[in-house]
Amino acid sequence: MKKYWWQDAIIYQVYLRSFQDTNQDGIGDINGVIQHLDYLKNLGVNTLWISPHYDSPMDDNGYDVRDFFKVSEDYGTIDDFKALLDEAHKKDMKVITDLVLNHTSDEHPWFQAAKDPNHPEHEHYHDYYIWQPPKFDKKGNRQHPTQWVSWFGGPVWEYNPPTKSYYLHIFSKKMPDLNWRNKAMRESLKQVIKWWIDLGVDGFRVDASNHLEKNWDFPDAKPGYEHFSSLPKHHDYLEELGKELFKPNNLLIIGEAGGATRKEAIQYAGFDSNEFNMLIQFEHCWADTDETNTLTPGKWAKGSIDLPKIKNSFAYWIDVFKGKGWNTIYWANHDQPRIVSHYGDDKKYHERSAKMLAFSLYLLPGTPIIYYGEEIGMTNVDYQNLGDFRDVEVFTEYDNFMSYGASHEVAMQALRDRSRDNARSPMQWNDTAYAGFSKVTPWINVNGNYQNINVKKQLNKEDSIYQTYRALLQLRKQENLPYADVNFYDLDHPQTFNYEVKGQKHNYLVLCNFKSTEIKMNKLPSLNEYTLFMANVDVNDVLSTTYSPFEARIYRKPIKA
Ligand code: NOJ
């Protein structure tokens with residue numbers, strides 16, 4: 001049944017900047033990851049995904065690469081990186097890195113040459129990026145070529161006076177988009193990829209992979225996403241990389257691509273695809289928006305949780321890849337709020353809801369990706385000032401909220417609920433100053449709840465969130481759950497998350513109350529043949545069907561030979 005090593009991977013995403021600072025500069029580093037390999041191994045992890053470690057001015061925390069061949073001085077040296085690979089490999093752990101192909105930093109030498117007509121290599125590098133002449137209105141005022149809107153909220157165009165033209169940036173203006181139609185550019189990026197493969201990385205998470213192709217007719221539209229996202233030709237580019245570099249090297253390639261259709265998903269990550277092995281999509285990630293909110297609209301508008309949407313999304317993706325490719329299961333990453341604050345309860349039912357979220361996800365088939373701190377129930381930030389935030393996206397969007405008429409307080413609450421910084425505060429290792437992340441003031445504030453929520457407190461506590469994660473990950477291995485068949489119950493029920501998976505020796509029935517009110521479970525299979533295996537509360541009557549807020553239980557029954 002098993003075909004590839006990554007089908008048994010248990011991936012942990014390390015947001016390098018926030019994991020562990022070992023040289024006391026307030027910034028996490030590669031040695032910090034090495035220091036905690038045993039911690040991760042003990043949790044059950046066997047594969048690390050390291051967020052961008054490349055040299056960068058850090059406009060977008062490293063997704064703005066200045067030098068692909070250099071490790072950021074914030075994070076260490078190339079020798080540190082090699083040591084990470086060696087140490088991880090010695091412990092039978094794999095390491096995959098982020099691979100940023102859609103754009104570079106504006107400080108990358110390619111862009112420095114591209115933007116400057118007097119640069120000796122201008123001619124060669126100019127077309128590594130995407131340029132358009134201005135439009136002019138009737139009065140002769142210069143206008144953007146189109147009204148397309150960047151993923152971070154402002155225009156996608158930035159004027160470059162020396163060339164009298166605009167360059168395209170679908171993220172921040174310090175992240176100019178690369179021109180994938182240019183073969184020389186593609187060859188340059190292939191050299192980058194080859195270099196890291198030769199160094200020994202085990203794979204990549206391909207950033208923003210569905211944005212590589214643009215509509216070069218530049219039709220006007222607002223926001224215009226359909227002109228720079230998921231255009232068919234980006235598959236050609238990915239396939240070229242796959243055939244030449246990814247497939248021949250037995251790598252794990254995870255593509256980040258929101259909005260893929262069923263057919264396209266197989267094109268990306270079917271077993272026979274040359275592009276990726278797994279896909280990250282975001283269908284379940286923002287299932288609680290409020291379309292009526294005009295002050296902080298879109299993903300920023302917090303509404304009630306549409307649980308059927310979440311469950312149907314999991315069921316759908318499992319079905320899409322069944323027998324044809326491989327599924328990934330994850331709650332969230334560095335671009336979304338902390339899951340316990342987002343879909344659980346980070347106050348009264350913190351521990352209980354964190355465990356419920358773990359039960360509901362981690363018995364499903366596929367490869368799990370755990371986001372750092374999730375295993376101890378880290379929560380959204382408690383920042384009170386705009387200046388506490390760090391993310392480039394926060395500042396463009398804050399200005400947008402003001403222009404839509406939001407008050408400062410409304411905007412701040414939206415940031416505390418929804419911004420990416422929620423998922424980027426320092427890892428909470430213990431209850432000493434700065435949560436044991438660093439001995440000096442960190443680059444972003446530690447969450448004020450670190451004395452209650454930290455690794456030290458949970459490591460040796462039998463029923464902690466950490467130990468629950470550990471037990472579930474062990475169970476995945478023992479029962480071969482990555483390959484399990486699953487049957488969801490009540491997919492359209494707004495409050496329960498119930499399913500049954502078939503392991504090696506047992507069937508597991510997972511029953512979760514996803515919300516903060518008591519509920520009576522209906523339409524369950526008879527529990528007579530099952531025994532209670534795990535629960536996130538003390539269960540007095542194992543046959544009772546009344547579930548307290550966020551209560552979750554796992555029952556099992558042996559599979560008869
Ligand atoms: C997706 C990454 O996950 C996000 O953090 C980043 O800002 C954009 N791609 C741009 O690289």
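Student: What should I know about the model before I start?

Tutor: It is a predicted model, where local features need pLDDT of at least 70, side-chain atom pairs count only at pLDDT 80 or more, and totals for chains, interfaces and linings use all residues. Residues are numbered from 1 along each chain as its sequence is written, and side-chain values use heavy atoms, with hydrogens and water left out.

Student: How many aromatic pairs does a search of the whole structure find?

Tutor: A pair of aromatic rings is described by the distance of the centres and the angle of the planes. Rings of Phe, Tyr and Trp (its six-membered ring) pair if their centres lie within 6.5 Å; planes under 30 degrees apart are stacked, over 60 edge-to-face, and the rest tilted. The search finds 49 such pairs. Take F81 and W196: the centres are 5.2 Å apart and the planes at 80 degrees, so this pair is edge-to-face. F81 belongs to helix α3 (residues 78-90) and W196 to helix α6 (residues 183-199), 115 residues apart; helices are DSSP runs of H or I, at least four residues, and strands are runs of E, at least two, numbered from the N terminus.

Student: Is F81 buried or exposed?

Tutor: Buried means under 20% relative accessible area, exposed over 50%, and partly exposed in between (1.4 Å probe, protein chains only). F81 has 0% relative accessibility, so it counts as buried.

Student: Which residues do ring pairs link into a cluster?

Tutor: They are Y54, F68, F69, F81, W110, Y125, Y128, W195 and W196.
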